[in-house]
Amino acid sequence: MRVLVTVASRHGATREMGAEVAEQLRAAGHEVDEVEPDDVEHVDPYDAVVLGSAVYVGRLALGLRDLVDRQAGQLRERPVWLFWSGPVGDPPVPETVPDDVTEIARTVGARGVAVFTGRLDRAGLNISERALVALTRADAGDFRDLDAVRAWAQDVARELRQIARSA
């Protein structure tokens, strides 16, 4: 199957997760394009889509939300999976699911939604991001579990194989 993996990531950690997803899908025999959400003009060339986004200030990144607004109808016509990253620390905080995750999953008819812990590198933050981190007292560090990302991607690849067989 031809699969689009599109990930909105301001500082690169979530994009790296998307690259892991893409690699697992390729390893399972799928043709995968990795395209920034702002650069996706149409999703109709794809058999399936994986959407990914970091969460900033309790919301998915604007680029991903804009893509869903532009392509909602096309996304609903194919299998879609959604993942997001944002919680940091041990234990990860925040524990709540951003409201727009549920809304976007419903809008695109996502077959699966996953959350993965993220990375917080204070050195790469702008002044407003540093202020927000200070207010939330978020722990700095790389809390990503790339094995969990790979396992989830392998589950998506298995579902895609089943979909391809039944088509």
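**Helix packing and a buried valine**

Helix H1 (residues 13-27) packs against helix H5 (residues 146-166) at an angle of about 40°, and their axes are 8 Å apart. This angle makes H1 oblique to H5; angles under 35 degrees count as roughly parallel, over 145 as roughly antiparallel, 65 to 115 as roughly perpendicular and the rest as oblique. The model is a predicted one, in which local features need pLDDT of at least 70 and side-chain atom pairs count only at pLDDT 80 or more, while totals for chains, interfaces and linings use all residues. Residues are numbered from 1 along each chain as its sequence is written, and side-chain values use heavy atoms, with hydrogens and water left out.

Two packed helices are described by the angle between their axes and the distance between the axes. The axes are lines fitted to C-alpha atoms, for helices over the stretch in contact, and angles run from 0 to 180 degrees between N-to-C directions. Helices (H or I, at least four residues) and strands (E, at least two) are DSSP runs, numbered from the N terminus.

The crossing of H1 and H5 is right-handed, that is, the near helix is turned clockwise from the far one by less than a right angle. On the H1 side, the contact is made by Met 17, Glu 20, Val 21, Gln 24 and Leu 25. H5 contributes residues including Leu 146, Trp 152 and Leu 160. Contact means heavy atoms within 4.5 Å. The residues of this contact of H1 with H5 divide into ten nonpolar, two polar and two charged. Here Ala, Val, Leu, Ile, Met, Phe, Trp, Tyr, Cys and Pro count as nonpolar, Asp, Glu, Lys and Arg as charged, and the others, Gly among them, as polar.

In H2, Arg 65, Val 68, Ala 72, Leu 75 and Arg 76 meet Asp 100, Ile 104, Thr 107 and Val 108 of H3. The residues of the contact of H2 with H3 divide into five nonpolar, one polar and three charged.

Turning to the strands, Val 7 lies in strand E1 (residues 2-8). Val 7 counts as buried because its relative accessibility is 6%; buried means under 20% relative accessible area, exposed over 50%, partly exposed in between (1.4 Å probe, protein chains only). Beyond its neighbours within four places in sequence, Val 7 is in contact with residues including Thr 14, Val 35 and Phe 83. Phe 83 in turn stands opposite Ala 114 in E6.

Key:
Pairing = 2+ DSSP bridges.
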